[in-house]
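User: Please take a close look at one part of this model. I would like to know how its pieces meet.

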Amino acid sequence: MHVVYSLGDRIFRRVVTAGAVTSLLVLALIGLFLFARGVEIFRDMGPKFITGTNWTAGSGDGIIPAEFSIGPMLAGTIVTSLIALFFAVPLSIAGALYMEFFAPAKIKSTLVSMLDLAAAIPSLFFGLWGIQVFSSMGERWAALTSHYLGWFPLFNNELGIFGRSPFIAGLVLAAMIVPIITSVSREVYSRTPRELVDSCYALGGTRWGAIRAVVLPFGRSGVVGGAMLGLGRALGETVAVYLLLNLVFKYNFNILESEGGNIASLIATKFGEATPYELKALLAAGFVLFLLTLSVNMAATAVVQRTAKAQP
Amino acid sequence: MSSTSDLTIQVVEATPTQPWHKPRAEQRRDALVYLALAVVAYAIVMVTGIAGPDGFALVFFVEVLLLTILRSRGIGKAKSTNAIISTVIGAGAVVAFAPWMSIFVSLVTKGFHGLYVGYLFHDMRVTTPDDELNMGGVGHAIIGSMLMVLIATAITLPLGILSGVYLTEVRGRLTKVVRFVIQSMSGVPSIVAGLFIYTTVIALTGSFSGFAGALALSVLMLPTVARTSEEVLKLVPEDLRAVSYALGARQWRSSLMVVLPTVRSGLTTAAILGVARVVGETAPLLLTALSNNAFKFNPFNGPIASMPMYIFGLLQIGTEYSIARAWSGSLVLMLIVLALFITARRLGGKDKR
């Protein structure tokens with residue numbers, strides 16, 4: 001159908017389109033500027049920027065050359081986020097199922113609003129709560145894990161100091177991303193066709209029977225999308241990790257040991273006293289983080305939007 | 001045959017039964033059983049090496065699980081599986097909700113004693129973080145946050161609404177792309193937004209400022225405002241547009257004078273949710289606005305304090321009083337977020353009528 005718009009309409013549509021395109025532009029500009037400022041580092045360091053092990057600003061006079069590689073921090077980012085997902089996903093599924101199918105109708109709406117509020121808790125509070133309230137508990141769990149499972153390299157801890165480890169940071173990140181995963185999952189579960197659930201009951205099925213046969217398969221891709229949104233948050237988290245982890249620049253896969261970091265906390269730590277060249281390296285690191293989270297988020301968005309479309 | 005006089009009408013009043021609800025007596029018995037289990041769990045925690053609230057929760061969970069297993073003997077496999085898994089899901093939900101419940105409780109209990117009447121009206125110009133808690137305050141940080149958030153709102157609200165209108169009214173060629181990008185943009189890490197403004201605005205102007213901070217917050221706020229605007233505009237009934245076209249309105253008049261005014265409070269909600277999203281952001285301000293200790297009303301001139309940076313700075317000092325101040329600041333910030341949320345809820349309910 002060909003529509004002829006009046007002059008007023010054409011102006012209106014232009015203005016609105018320009019406004020909408022601004023958001024596309026901002027996203028493109030973020031990538032472009034970070035890349036443009038960091039490209040010198042990518043050229044100088046080559047693939048070692050990702051795979052190397054050192055972050056040294058050098059002595060400035062060329063005697064000790066500057067060397068920048070985000071390898072250990074990239075690994076730390078992934079390790080803490082995976083720990084977070086490992087704990088957050090099952091808990092969120094339980095939370096979402098409880099809210100949708102088990103909670104009494106009276107407290108359900110309260111829980112939903114509290115969940116919305118929980119999703120808006122600034123990440124700074126999770127950092128604050130993590131170091132001040134949670135870490136003593138987390139350290140005890142870490143000590144127990146190391147005591148019984150220490151033979152497994154992942155849980156090895158030779159020093160016997162358990163604070164400020166990737167494990168604890170990962171647990172706090174898990175607490176941080178539970179609200180978003182729970183609310184996306186609950187949303188999808190609530191759209192399960194009522195008649196399918198009811199026919200399960202009519203056939204003599206139990207509540208769990210209906211959940212397992214209908215609700216979980218129906219909501220699977222939604223949960224995956226929610227988990228990926230949570231992952232995106234955990235990957236890019238700055239202050240909570242900054243407050244909860246000792247930034248030590250080495251590959252650390254012993255998750256109970258007190259050292260680690262992620263790219264975002266590296267940027268926050270080094271930013272203040274960075275040399276101009278190091279600053280470029282930080283921008284390059286920011287670019288990598290941007291690409292990483294953007295790809296995770298785009299995948300999540302694609303999954304969630306596809307699920308939304310599949311619903312009647 | 002009996003005569004008609006023998007015919008008595010017996011009125012049977014059926015007591016409504018609700019077979020899906022447990023009877024009162026059973027409910028009471030269950031409550032007593034759980035109470036007894038809690039007492040036993042408490043005793044176990046006191047006596048053995050298992051300690052802390054987490055230890056208590058674990059023991060209690062194991063007890064309830066055992067009880068469920070015992071009770072569900074002989075009722076068939078499907079039913080007993082259902083009972084056991086229901087218990088596990090309930091426990092999982094409790095663990096999932098525990099952290100933020102704990103955060104709310106800690107904010108109140110730990111933040112409360114640092115509050116006093118002047119807390120909201122004083123700055124930290126003459127007070128060091130180690131001073132007694134009845135001096136100094138967050139006034140300067142509240143003003144700083146307010147200035148930055150206002151600027152960010154002034155930037156993102158028009159853009160966000162335009163995006164919403166584009167997605168629902170104009171529906172141009174880029175609709176899918178715009179929607180996808182806005183959704184993905186909400187995942188841009190806050191520190192990356194800070195870096196972006198640092199390499200552009202601060203590199204250009206040569207100084208840290210509240211304005212730069214506001215721009216960084218805008219990047220994070222835009223997706224929330226745009227998405228909420230879209231959601232709200234979608235709720236406008238198609239009939240309303242049709243009616244305005246039928247009355248001879250062009251699209252621009254229909255959109256500006258019919259559609260947008262009907263969702264005025266919904267769009268306010270969009271702005272408020274955007275503000276709630278960014279008011280607690282620390283990372284972008286760490287690279288753009290930094291912080292200061294005194295009241296400041298000019299966002300264009302040098303570093304300026306904000307609520308999150310105030311809290312973050314105190315945390316890094318790490319002394320007893322500075323941490324107490326950090327908790328009090330956090331309590332104030334949480335109350336601000338809560339107030340924003342409640343306002344958004346109230347307004348959000350209005351349009352739906």
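**Domains and interfaces**

Chain B is divided into domain 1 (24–114) and domain 2 (139–351), with bounds from an automatic or database domain assignment. This is a predicted model, where local features need pLDDT of at least 70, side-chain atom pairs count only at pLDDT 80 or more, and totals for chains, interfaces and linings use all residues. Residues are numbered from 1 along each chain as its sequence is written, chains are lettered from A in the order in which they are written, and side-chain values use heavy atoms, with hydrogens and water left out.

The centres of the two domains of chain B, taken over C-alpha atoms, are 40 Å apart. Domain 1 of chain B brings 9 residues to the contact and domain 2 of chain B brings 6; contact means heavy atoms within 4.5 Å. About 640 Å² is buried between these domains, 81% of it from carbon and sulfur atoms. Buried area is the accessible area (1.4 Å probe) that two parts lose on being put together, summed over both. Leu107(B), Lys110(B) and Gly111(B) supply 64% of the area that domain 1 of chain B buries against domain 2 of chain B. The count of salt bridges between the two domains is 0; the rule asks for a side-chain nitrogen of Lys or Arg within 4 Å of a carboxyl oxygen of Asp or Glu.

Now the other chain. Between chain A and chain B, 78 residues of chain A contact 81 residues of chain B. The area buried there is about 7,100 Å², with 79% from carbon and sulfur atoms. The rule finds 2 salt bridges across this interface. Among them, Arg345(B) pairs with Asp116(A) (2.7 Å, N to O).
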